[in-house]
Amino acid sequence: MDSSLFFGIASIAYILAMVAYIVYLAFRKSTVGVIATTITTVGFVSHTIAFIMRWKEFYEIGRMGILRAIPLTNLYESLIFFVWCLILGYLIIEWKYKNRSFGAFITPIAGMALAFIDISGMDKNIHPLIPALQSNWLLAHVTMSFTAYATFAISFATALMYLVVTSENKKGAPYLFWTITLGIFVSVLVAMGIDFFVFRVAAGSPESFIKSYLFKATFRNSSAAVSVVSYAAAVAFIYIVWKYGLVLRNVITSFSISPSLLDDLTYKCIAVGFPIFTLGGLVFGAIWADQAWGRYWTWDPKETWSLITWFVYAFYLHARFLRGWRGTKISVLAVIGFVCTVFTYLGVNLLLSGLHSYGGG
Amino acid sequence: MSNDQKNNGIFDKIWNLFSSIKLAVVVFSVISITSIVGTVIEQQAEPERNIKLLSKLFGDSFAPAAFHILDTLGFTDMFRSWWFLALLFIFASNLIVCSIERLPKILKVVREPIRPLAAEHLSALPIKKETVLKEQSGKVLEYASDILKRNGFRAAVRQEDGAVQLYGEKGRYSRVGVYVTHFSILLILAGAVIGMLFGFNASLQLMEGTASSVAYKSNGTTIPLGFQIRCDYFNADFYDNTDIPKAYRSRLTVLENGREIVKKEIDVNNPLRFKGITFYQASYGYAPGKDSVFEFKVTSKAGKKEDINVKFGETFTIPGTAVTGRVVDFSPALGADESGKLYTYSEMMNNPAAFVEFLERGAVKYRQWILVRYPQTWKVGDGIVEFTHLWGVQYTGLQVRKDPGVWIVYLGCLIMSVGLYASFFMNHARIWIQLKDEKGGTKVVIAGTANKNKLSFEHKIDKITNQLRVKGQR
């Protein structure tokens, strides 16, 4: 038995949980809700076992200090850890607020991350550490960054839910914003699923996946017709979300989730994530860069995008004190903040160049 | 935000603008949006690279024009452009002015100790609980202040007519957390400015065995170090059977007036510091020369050992025998293709190998490739020839930095952690407990306020109420 078996169990459990939570949201059967929670918990336990096992495997291969052998050194391992933090955060919220409806919004983010791992065929092997990564700062910098990313992911879900619940005017900007965001999110998820079934790809590295496989079955198909149809389908889907978005609103409100609770949750997640991100992501990252390369800040794309993300969340925190910004406007900011987070995390490695090794696979 | 008493002169208008959160969020947005452009356009790169990039985005015909516009606006080196520095300056001014504007008021609140409240104020507080205990208020008072202490509140007591009031607070200073965080950002910016003004960033390539008293900036300027730095030894280690680097190490010596002052082995996360200048292991390279020295540890079959240093083509003897050897070929990275044919697969010292010819009484006895990384190749007919190092063919690439501001940056980071902790994980909580004797017991009113995390403070008040009830029943 090795860690990959338990990772497999966890992945399957999370995908099933995602389906179960969505079914629960749609049909409100409490049995389904209990099942969803059970599956998520089983997945989480299995995931934790897998993480510890991989740590041990890495420790045995790398023959270095146990703290340096934390399996967080490439895109695969970091995505997996992100999912772990996200599920942990979700379980805490479910337990604290005794409300399962958040699950349908948070587990799809985990599902998307797992789907991305699988269809990109990214390298799952353990590799020894290159010299620059052999530092105790790795543990602090990376775990704190991903803990913060996970809290931002949750705030994204709750902010989106806030917008769903509060926007009644179908012609209003907030309604348009959330329907389009949700529409794009689901379209991307579905397109990635189609890629998976069409290619079952093993591209070797995420870069080559992005370049050669991602959306090749749909938006980037070699046949122009398929590509046009895909775009049309996505637009049509977004239109449907727009047309029937109020149904979702009624569904969520029926779970007795008040907008103020969602607003509060969004704030709490960011209030926890922001200091952790500032310290672990920016400050520790800078100190580490200073130790390794003699420069604490070089404006490389990864650093710059972290700073952009930081400014968006700083904007969020300050905007709460501006008249007329509480509620809708800052929820939009929280959504934008997470989009920036994803870009910092994935986009920079896959689309821009930089010093960081993540993405090299 | 503006004060009505103030005259609305131009200075006041600017002052009010710089103390406003509105300016802050505008600056956040402008810095973010321009920075996005700065991550897409490659900074300080050859113009052709960015034109190529732009032609992907805008098409070939527009790319040169787009590049010209972006270049004129400074986007090709935007993080040093005057307008970006101006943005950072506005950001800093905003932080300073808003702190000067608000800090005195906050300090006043912080300095003012908690006072007992009149009944009507007490009942107006947002968080309030009531309960009745069986004992007399004098008795309750004893354990109530204990319970408060256990919950982190040091309580003061005031007797009123017919009632007693206990009151306490904690986390008063967390109110300044925001300003501590703001101040730390200013410190970090100040440290960065000091580093830019009084420090330098340079690099230096040192062949094994050579020394330098200068380093070179990227624009070619020579920087005198004030001492000499020498590389005595460089080695790159790889993980078994791979070309994944495990460690790069340089042994450096600092010399002053020809005297050796400091010796240190550095690697990637472990630099050498001397007189404010830091040497980081950044890269390495291969530059073969005639004077390089092959270092062998030779052991004869009889067990006689000797360290041998020879140049290419020079003869050495296996101790205690008549067998001599000499290096006749060398490869920095010896590999074999599928058919078993040997070839050099890299121009770096990834797998150094020496082809050694062994002779006895003038006749060639045997020839053998001896590889540093593969002990099984060290065994020869007449003993063991361990190839330890080829000295004098590699150079170490050092990043040389002087940054007198870095300690201010570090201090800023430290203060920032304190400030962030205080602003996000602490709150200023105040609690009042009024005890009033009633027939057969004491009426207890517990009330409180918190500037943040009100919900969790409410839970805390519930907890304290319960603790009082439990104690009161005994």
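Gln159(B) stands opposite Val164(B), a residue of strand 3 of chain B. In this predicted model, local features need pLDDT of at least 70 and side-chain atom pairs count only at pLDDT 80 or more, while totals for chains, interfaces and linings use all residues. Residues are numbered from 1 along each chain as its sequence is written, and side-chain values use heavy atoms, without hydrogens and water.

Strand 2 (residues 156-160) and strand 3 of chain B pair in the antiparallel sense over 5 bridges; strands are DSSP runs of E with at least two residues, helices are runs of H or I with at least four, and both are numbered from the N terminus. Pairing requires that DSSP find at least two bridges between two strands. The two strands of chain B form a hairpin with 2 residues between them, and Gly162(B) in the turn has a positive phi of about 80°. Strand 3 of chain B also pairs with strand 22 (residues 429-438) of chain B, in the antiparallel sense over 8 bridges; there, Ala429(B) is the bridge partner of Lys170(B). Of the 8 residues in strand 3 (residues 163-170) of chain B, 7 are buried (under 20% relative accessible area; exposed is over 50%, partly exposed in between, with a 1.4 Å probe and protein chains only).

## Domains and nonpolar core

Chain B is divided into domain 1 (3-109), domain 2 (120-171 + 427-472), domain 3 (195-289 + 395-414) and domain 4 (295-388), with bounds from an automatic or database domain assignment. The centres of domain 1 and domain 4 of chain B, taken over C-alpha atoms, are separated by 62 Å.

The largest nonpolar core has 181 residues, of which Phe82(A), Phe279(B) and Val400(B) touch the most other members. Helix 5 (residues 137-166) of chain A contributes the largest share of this core, 18 residues. At least three residues come from each of domain 1 and domain 3 of chain B. Such a core is a set of buried Ala, Val, Leu, Ile, Met, Phe, Trp, Tyr and Cys residues joined through side-chain atoms within 4.5 Å.

## Non-glycine residues with positive phi

Arg28(A) is not a glycine, yet has a positive phi of about 55°. Arg28(A) lies in the loop between helix 1 (3-27) and helix 2 (30-62) of chain A and is partly exposed, with a relative accessible area of 48%.

Arg361(B), likewise not a glycine, has a positive phi of about 50°. Its place is the loop between strand 17 (353-360) and strand 18 (363-371) of chain B, and Arg361(B) is exposed, with a relative accessible area of 74%.

Key
Chains are lettered from A and ligands numbered from 1 in the order in which they are written.
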